[in-house]
Amino acid sequence: MRRWLQPIIVVLFFIVPYFDLFRIDIPSGHYYWFTRQLPFSQAMPLLLTVLWMVFLVLGLSFFKPRLFCSHFCPHNTLSQWLRKLQRYKLDWVLAIVLTPIVAFTLIAYFVDPRTVWSAITQDTSRMILIFFLVLCLFIGALLLRMRHKFCSTVCPYGYFQQLFRPERTTVLGKVVTGSLLVLLGGATVLSVFFTSGLEIDLGTVARINAGTRMVYTYELRLINNKSEAETVTVTFRKLQPVENPFSEPLIVQPGDAVKIPFTFQVQKTEEVYFDVCPQRENRCQTFSFSLSGV
Ligand code: SF4
């Protein structure tokens, strides 16, 4: 299994961010989960994914010491490949070729790869360029010199491995760890499925005393992070806004951020209660508050 798993993991490491399979785009405030773009404000799938990854890496030690290192860690696989090439004195060629690719890929997990590319080729971001160069130095030292010495001297996971040996892990421990991994993985997938890519937010714009009445202006903000258009209906159950801008359903195109202002005029205290319902999703977001009169 190890023979085919190692190259698969290395290939996955290199392609995952470029196909938006999993990427945390810090500058844009979004993350990608199997091409689905989700905002940081809807962080549950991201938290569960990170938790699942940490749990997977640690949990593998319960089954066999260094199972993660020997089967999954890309650093180990690359170091093994380099060691094989050392016999032909060609390891340095592969190390030099891999250094910028690995550095670029690592940054691409956190910044859009196109942004990284333009930062390097057109100097559009000095910070990314410097970070890339520093990372190249580190990765270069890792691949050209340190290789497996990194595992025994620097990697904290290497130390962690010392704590878990098969004779210390009971069958029950393995069953519990395996079950938790499966449950957490299932919860992660479900959380993505049930997380909306539509951000709904309400902002207060103005509150004006117009003599005989109070005039309140609000703004409904919708950001469509999905790859398809979303139709949104807004239904007011109690007080109606002046010249209701939501009499027709709204269509929010993919990537669009729209702001729709609406106004209430009240003479005495009134209740506002309305639902914002994306058509593709089986849920509505409800807003309720009261407005005081003059
Ligand atoms: S000790 Fe660290 S770097 Fe080395 S193979 Fe294990 S996880 Fe990878």
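## A chat about the predicted model

Analyst: Residues 44-63 are 100% helix and 0% strand, with the end C-alpha atoms 28 Å apart. Please keep in mind that this is a predicted model.

User: Which residues does UniProt mark as "transmembrane region"?

Analyst: The unreviewed UniProt entry gives that annotation to residues 7-24, 44-63, 92-111, 126-144 and 171-194.

User: And how much helix is there over residues 92-111?

Analyst: That stretch is 85% helix and 0% strand. Its end C-alpha atoms lie 28 Å apart.

User: Switching topic: which residues are around the ligand?

Analyst: They are Phe68, Cys69, Cys73, His75, Asn76, Phe150, Cys151, Cys155, Tyr157 and Gly158. Two or more residues of this shell come from each of helix 3 (67-72), helix 4 (74-86), helix 8 (148-153) and helix 9 (156-161).

User: How many of the shell residues are nonpolar, polar or charged?

Analyst: Seven are nonpolar and three are polar, while no charged residues occur in the shell around the ligand.

User: What about the largest nonpolar core, and which residues have the most contacts inside it?

Analyst: The largest nonpolar core has 16 residues, and Ile107, Val116 and Leu143 have the most contacts inside it. Helix 4, helix 5 (91-108), helix 6 (113-121) and helix 7 (126-146) each give two or more residues to this core.

User: Which helix gives the most?

Analyst: Helix 5 does, with seven residues.

User: How many bridges join strand 1 to strand 2?

Analyst: Four bridges join strand 1 to strand 2 (residues 30-33), and the two run antiparallel. Within this pair, isoleucine 24 stands opposite tyrosine 31 in strand 2.

User: Further along, what does strand 9 pair with?

Analyst: Strand 9 (residues 270-278) pairs with strand 6 (residues 230-236) in the antiparallel sense over five bridges. Threonine 235 stands opposite aspartate 275 in strand 9. Strand 9 is also joined to strand 10 (residues 285-291) by seven bridges, again running antiparallel.

User: How many residues lie between strand 9 and strand 10 in their hairpin?

Analyst: Six residues lie between them. In that pairing, valine 276 stands opposite glutamine 285 in strand 10.

Terms used. Residues numbered from 1 in each chain as written. Predicted model: local features only at pLDDT ≥ 70, side-chain atom pairs only at ≥ 80, totals over all residues. UniProt positions renumbered as here; feature names shortened; annotations may be inferred. Near = placed C-beta within 6 Å. Nonpolar A, V, L, I, M, F, W, Y, C, P; charged D, E, K, R; others polar. Pairing = 2+ DSSP bridges. Core = buried A, V, L, I, M, F, W, Y, C linked by C-beta atoms within 7 Å. Buried ≥ 20, exposed ≤ 12 C-beta atoms within 10 Å, placed from the backbone.
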